[in-house]
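Q: Hi! Could you walk me through this one while I have it open?

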Amino acid sequence: ADQQLGEGAWVLREYASAHVDPILEALGQIRRHSPFRHMITPGGYTMSVGLTCCGLVGWTADRKGYRYADIDPETGQPWPPMPDVFLALAQAAARRCGYDGFEPDSCLINRYVPGARLSLHQDKDETDFSAPIVSVSLGMPALFQFGGHKRSDRPEKIPLFHGDVVVWGGPDRLRYHGVLPLKDNPHPLLGSNRINLTFRKTR
Ligand code: MD5
Ligand code: FE
């Protein structure tokens with residue numbers, strides 16, 4: 001059953017489950033073209049999460065800052081196109097939550113191994129906050145931190161499992177959030193990995 005997290009945010013449990021095979025097939029193509037890499041933050045830290053992207057633009061980090069770029073800095077080439085199965089799933093999930101006409105131009109793909117984490121942050125490198133963000137969890141479970149509008153607001157812990165889709169929009173689009181360090185709970189299909197796809201309209 002759908003679980004409402006906030007006024008504009010829902011967890012759709014196992015919403016992606018029927019599409020996992022074609023998603024992983026498409027991900028294989030993407031990572032052959034633009035491999036997972038560990039980006040360096042402006043603060044000089046190497047991210048524990050590995051990242052790649054597909055779509056018209058991809059999210060990047062380096063010593064100079066965070067930005068969306070139409071060229072993958074590792075390959076010097078455009079990011080791989082967004083697969084139809086990705087786009088269709090993201091649009092269907094958004095629509096189910098009342099966000100019709102979602103047109104993501106980017107999908108950021110995060111890979112977590114045991115111990116990897118994402119510290120509390122807001123997603124605000126996009127220019128259009130009226131569009132939701134759709135996130136698809138695959139592989140090992142994670143404890144997601146769903147915070148408030150201030151960094152100091154105590155986050156709620158939400159477990160996310162293989163196949164779960166979360167839609168964050170409206171008043172919940174700019175909430176602080178993060179992922180606690182992953183425990184090693186190997187998954188039958190993905191082993192000791194968690195993959196998260198996040199669909200964004202960046203401009
Ligand atoms: C993840 N990724 O599980 C999460 C899923 C990221 C990131 O946070 O920036 O790559 S997306 C979670 C999200 C997105 C937008 C808003 C909110 C959560 N929120 O308001 O809680 O790898
Ligand atoms: Fe985020």
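Q: Where does Glu 14 sit?
A: Glu 14 is in the loop between β2 (9–12) and α1 (20–33). Helices (H or I, at least four residues) and strands (E, at least two) are DSSP runs, numbered from the N terminus. This is a predicted model, in which local features need pLDDT of at least 70, side-chain atom pairs count only at pLDDT 80 or more, and totals for chains, interfaces and linings use all residues. Residues are numbered from 1 along each chain as its sequence is written, chains are lettered from A and ligands numbered from 1 in the order in which they are written, and side-chain values use heavy atoms, with hydrogens and water left out.

Q: Okay, and what is the phi of Glu 14 like?
A: Glu 14 has a positive phi, about 60 degrees, although it is not a glycine.

Q: Is Glu 14 buried or exposed, and why?
A: Glu 14 counts as exposed because its relative accessibility is 54%. Buried means under 20% relative accessible area, exposed over 50%, and partly exposed in between (1.4 Å probe, protein chains only).

Q: Let's jump to the metal. Which residues are the protein donors of the iron ion?
A: The iron ion (ligand 2) has His 121 (NE2), Asp 123 (OD) and His 177 (NE2) as its protein donors, at 2.0 to 2.1 Å. Donors here are N, O and S atoms within 2.8 Å of the metal (3.2 Å for Na, K and Ca); water is not among the atoms, so sites may look incomplete.

Q: How are those donor residues spaced in sequence?
A: The spacing for the iron ion (ligand 2) is H-x1-D-x53-H.

Q: And why is Asp 123 called buried?
A: Because its relative accessible area is 10%. His 121, at 21% relative accessibility, counts as partly exposed.

Q: What about ligand 1, how many residues surround it?
A: There are 19 residues around ligand 1, and the closest are Asn 110, Tyr 112, Asp 172, His 177 and Arg 194.

Q: Which side chains have polar atoms by the oxygens of ligand 1?
A: Among them, the side chain of His 121 has an N or O atom 3.1 Å from an oxygen atom of ligand 1. Asp 123 has a polar side-chain atom 3.2 Å from an oxygen of ligand 1, and for Asn 196 the distance from a side-chain N or O atom is 3.4 Å. A polar contact is a pair of N or O atoms within 3.5 Å; within protein, one must be able to donate a hydrogen and the other to accept it, and residues adjacent in sequence count only if both atoms are side-chain atoms.

Q: How much of the accessible area of ligand 1 does the protein cover?
A: The protein covers 97% of the 510 Å² that ligand 1 has on its own. Such areas come from the Shrake-Rupley method with a 1.4 Å probe; for residues, only the protein chains shown count as cover.

Q: Which element gives the most residues to the shell around ligand 1?
A: That's β13, with four residues. The elements giving two or more include β6 (106–112), β7 (118–121) and β13 (194–200).

Q: New topic: where is His 187?
A: His 187 is in the loop between β12 and β13. With a relative accessibility of 15%, His 187 counts as buried.

Q: What does the His 187 side chain reach?
A: It reaches the backbone nitrogen of Leu 189 at 3.0 Å. The backbone nitrogen of Leu 190 is 3.3 Å from a polar atom of the His 187 side chain.

Q: And where should I look for Leu 56?
A: Look in the loop between β3 (50–55) and β4 (58–62). Leu 56 is exposed, at a relative accessible area of 61%. Leu 56 and Pro 78 are 22 residues apart in sequence, and 7.7 Å apart from C-alpha to C-alpha.

Q: Last one: is Glu 126 buried or exposed?
A: Glu 126 counts as buried, with 4% relative accessibility. You'll find Glu 126 in the loop between β7 and β8. Its C-alpha atom is separated by 19 Å from that of Val 136, 10 residues apart along the chain.

Key. A residue is near a molecule or strand if one of its heavy atoms lies within 4 Å of it.
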